[in-house]
Amino acid sequence: MSFSTLLLLIFAFSLCSFFFSSSSAFKKIKSATSRPSALPKHYGQYSLAWTLFPAFLLLIVFTIIGPIYVDNFFKQQIALTEASYDKAKIELVLAMIKNISNGSISSDEPKILKLAEEYSNYLSKIYLFRTLSVLLLSSILGIIISSNINILKNSRVKVETFYRILFFVSAVIAIFTTVGIIASLLYESLRFFALYPFFDFLFGLHWAPNIAIRSDQVAAQGSFGMLPVLIGTILVALIAMIVALPIGLFSAIYLAEFASKRVRDIIKPTLEVLAGIPTVVYGYFAALTAAPFIRKIGMTLGLDVSSESALAAGAVMGIMIIPFISSLSDDIINSVPQSLRDGSLGLGATKAETTIKVVLPAAFPGLVGAFLLAVSRAIGETMIVVMAAGLSANLTINPLETVTTVTVQIVSLLTGDTEFDDIKTLSAFGLGLALFAFTLILNVIALVVSRRLSEQYD
Amino acid sequence: MIDKNIDQLKRLKLRKNAEMRLKVYGILSISLALIMLSTLMISIGLSGYSALQQAYVKLEINVDSKKVLDEKGGFSNQKALLVNWDGIVSNSFITNFPEITKRSEKRSLRALMSSNAGYELRQYFQKNPDDLDENITIWLSASDDFDQYMKGRFNTSVDEKDRRLSNQQLKWIDFLAMEKISKLKFNTSFFVNADSREPESAGILGAVVGSTLTLTITILFALPLAVMASVYLEYFAKPGRLTDFIEVNINNLAAIPSIVFGLLGLSVFLGFFGLPRSAPLVGGLCLGLMTIPTIIIASRASIRAVPPSIKDAALALGASRMQAALHHVLPLAAPGILTGTIIGMAQALGETAPLLMIGMVAFIIETPDSFTSAATAMPVQIFMWSDSAERAFYERSSLAILFLVGFLIIMNSLAVFLRRKFEKKW
């Protein structure tokens, strides 16, 4: 039975047990002489939880472990029958067996056909076992719990404890996600650094991940020095910040300090629309409108502008970041206490002087935090640079030339079919780790700066 | 009255000027931002609206029913495969030009019809088998270059050798348009087809369905987890290291680049758990992990906005803490949670990078029908089309953007509207 049918079945089971238990608890409570400890629905929820969750967990475990177990079993089988095969060859044969048993390809080797048949038999056995065990577990637990309802036991407390554990687990998922990200990036990166020296990766000046087709070819192994990629990333982010920072900051100052309420109510949502546009749209704009436009301007000025210049990608990325900076800064400026402004105005300063000499210094730590968050966003931004920046890693700080960024390289190394033991794939995880570390550091600095430097005014 | 000397008046003027300047800078930057927004939308709108129409050619066709019907009189797919539908189309098309006899001319004439026109014809008869054996008039797609020329988007100033259409072909198209044999009609294939190699029959339906499936997984996965986590953090977490650590993690996850979630999906969901590639299931899980922090932050804010007196009253009447939280506080916080969820979903709908990592960037001509079948999503479709060589894909890309952005704006305004409507001052 398929995963979704099973899921639906155990849902149905647990609903049955819910209604059965709550109605039987209701009857018992009615005829009871002593006071019941909980409402009928709590008994229902109690048996629902027992019918649903153990079976659900079992289902998940089977679905994940089952195929892995079968794969390992067949790898051993292949290794036993063909002792000469090495690891890669075994994987290949296994993939072939899987494809044959799916029916997507066919083979004329009887040995492989036989293995494929065994494989699909084995897998269907595992699935049958999964179906039986999940259904049995769910129904047995459901029947036991719902037929043994004791209204003197307080099932509300039990149900609430269960909820509380469930809530705690969901909160801890945030930790699991972070751990998962770090672990997966580290694991693949360590495999990469086993193939390619760490310091060459970090400080190398040459990035050319193209692996030769023949192993005896010159430059058979690609070169993975990430410095040019990093410089390119920083260059694009810098251009973006040059565009976004003044525009975003001045907009925020105007909106927070000078604009009337009506103007504010119109402009703010409009800027939020700008923030809600997907990055792929900005990428499309950058690649098909902004880049040719900048190239044309450059040509009329007699400059040689690349069609995938860092300037186009950076400028459009700046447009994307404007609303981010302006709305964050607006909130920060608004949170400066009114008493500071009143004091300054009362001493005879103009509104502009108050803004520049009183409000902005008070908001400064928060603004620095917002700025750093914006930089981290610019560095991690993917689609704009994938569509508008280039692929070749030039070690240059000329904004009119083509540069590449960390995210572009990750995308170009990982799109299409990827094998996990290829050095190119692994190098993408190395870049991913660098990107993660970089943005993490920026985020932490932003947090620390805005916490440490900010003063309490009220 | 205080005496004002000239110096003071001068300084006052300078100070007033400075204030004026600051205001002007502010207005300038806001208008710059708005100009950029409108340039963006107008340029995309201008290049996209024309994709609503598509060039079709009127053909008179008669197909022998013996070729395609089986013994029982039903449409036989196997027999239909053997029929040369393209030949039928091009023969009928060439009858418009009786004067043409040379093979090479015929070939360049045939190139004006879409290479999918034969397929369209077959589909038509599959749906209407009664029309077999009769002379019917049918509108079939012209080639993408034909289409672009009719829309005036074909650059004729280029040297003939470097063009995709020769002068002769352009003359033919002009003739067909003048005789009203070819016309621009509403582009239905854009809305009912999935992706295709031929721009004239490429549509967004596959991507829309893919996005819907992906977002279904995202919301089923992210919303319950996020709400439970925020209730825990607001009501049950004891202040301490663990709670602090959870909060730091949530805030940090909200600021991690989206592509990193794609890497996580690639190495954990695909590499470790062995889930299928390109599937909405995996895409939805990645986007869900990415959206959870957004929803948690919004939910916590709206739970906190419910005054403690509500909770205290519930507790005083004998409710347990869980009952106070679930029966009294959560319903009052629901509009805020809903707003946060809509914003998170809008973000997830526009997200591309993680989907590229887990292989949802494949070329898929079939509309996905399950959570584990290979699919693509709207933003990825836009990305793929704008990467294509054919010019006709650009306008389709723009039109798809208009739909996506329109939908996102509706989602976001709904969120704003709900926030205004249900906003309560306690």
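Biologist: What is the order of the three strands in the open sheet of chain B, and what makes them a set of pairs?

Modeller: In this predicted model, two strands pair if DSSP finds at least two bridges between them, and by that rule the strands of chain B form an open sheet in the order 2-1-3 with antiparallel pairing. Strand 2 (136–141) and strand 3 (182–186) of chain B are the edge strands, each pairing on one side only. From one strand to the next, the twist averages 45°.

Biologist: How do you know that strand 1 and strand 2 of chain B pair, and how many bridges join them?

Modeller: Strand 1 (residues 53–61) of chain B is joined to strand 2 of chain B by six bridges, and the requirement is at least two, so the two count as paired. The strands themselves are DSSP runs (E, at least two residues), as helices are runs of H or I with at least four, both numbered from the N terminus. Within this antiparallel pair, Val57(B) has Leu140(B) as its bridge partner, and Glu60(B) has Thr137(B).

Biologist: How many bridges hold strand 1 and strand 3 of chain B, and in which sense do they pair?

Modeller: Strand 1 and strand 3 of chain B pair over five bridges in the antiparallel sense, and Gln54(B) finds its bridge partner in Lys185(B) of strand 3. Helix 6 (residues 117–127) of chain B lies across strand 1 and strand 2 of chain B and runs at about 135° to strand 2.

Biologist: At what angle do helix 10 and helix 13 of chain B pack, and what is the hand of the crossing?

Modeller: Axes are lines fitted to C-alpha atoms, for helices over the stretch in contact, and angles run from 0 to 180 degrees between N-to-C directions; on that scale helix 10 (residues 205–236) and helix 13 (residues 280–305) of chain B pack at about 35°, with their axes 6 Å apart. The crossing of helix 10 of chain B past helix 13 of chain B is right-handed, a word used if the near helix is turned clockwise from the far one by less than a right angle, left-handed being the anticlockwise case. The residues of this contact divide into 19 nonpolar, ten polar and three charged, where Ala, Val, Leu, Ile, Met, Phe, Trp, Tyr, Cys and Pro count as nonpolar, Asp, Glu, Lys and Arg as charged, and the others, Gly among them, as polar.

Biologist: Which residues of helix 7 of chain A meet helix 1 of chain B, and what makes that a contact?

Modeller: Residues are in contact if their C-beta atoms, placed from the backbone, lie within 7 Å, and those of helix 7 of chain A that meet helix 1 of chain B include Phe250(A), Tyr254(A) and Phe258(A), while Tyr25(B), Ile27(B) and Leu32(B) are among the residues on the side of helix 1. By class, the contact has eleven nonpolar, three polar and one charged residues. Helix 7 (residues 227–258) of chain A and helix 1 (residues 6–48) of chain B pack at about 120° with axes 8 Å apart, in a left-handed crossing.

Biologist: How many residues does the contact take from chain A and from chain B?

Modeller: Chain A gives 72 residues and chain B gives 69.

Biologist: What confidence does the predictor give the complex and chain B?

Modeller: The ipTM is 0.89 and the pTM 0.88. On pLDDT, the predictor's confidence in each residue from 0 to 100, chain B has a mean of 87 with 99% of its residues at 70 or more, and chain A a mean of 86 with 96%. Residues are numbered from 1 along each chain as its sequence is written, and chains are lettered from A and ligands numbered from 1 in the order in which they are written. Local features need pLDDT of at least 70 and side-chain atom pairs count only at 80 or more, while totals for chains, interfaces and linings use all residues.

Conventions:
Two residues are in contact if their C-beta atoms, placed from the backbone, lie within 7 Å.
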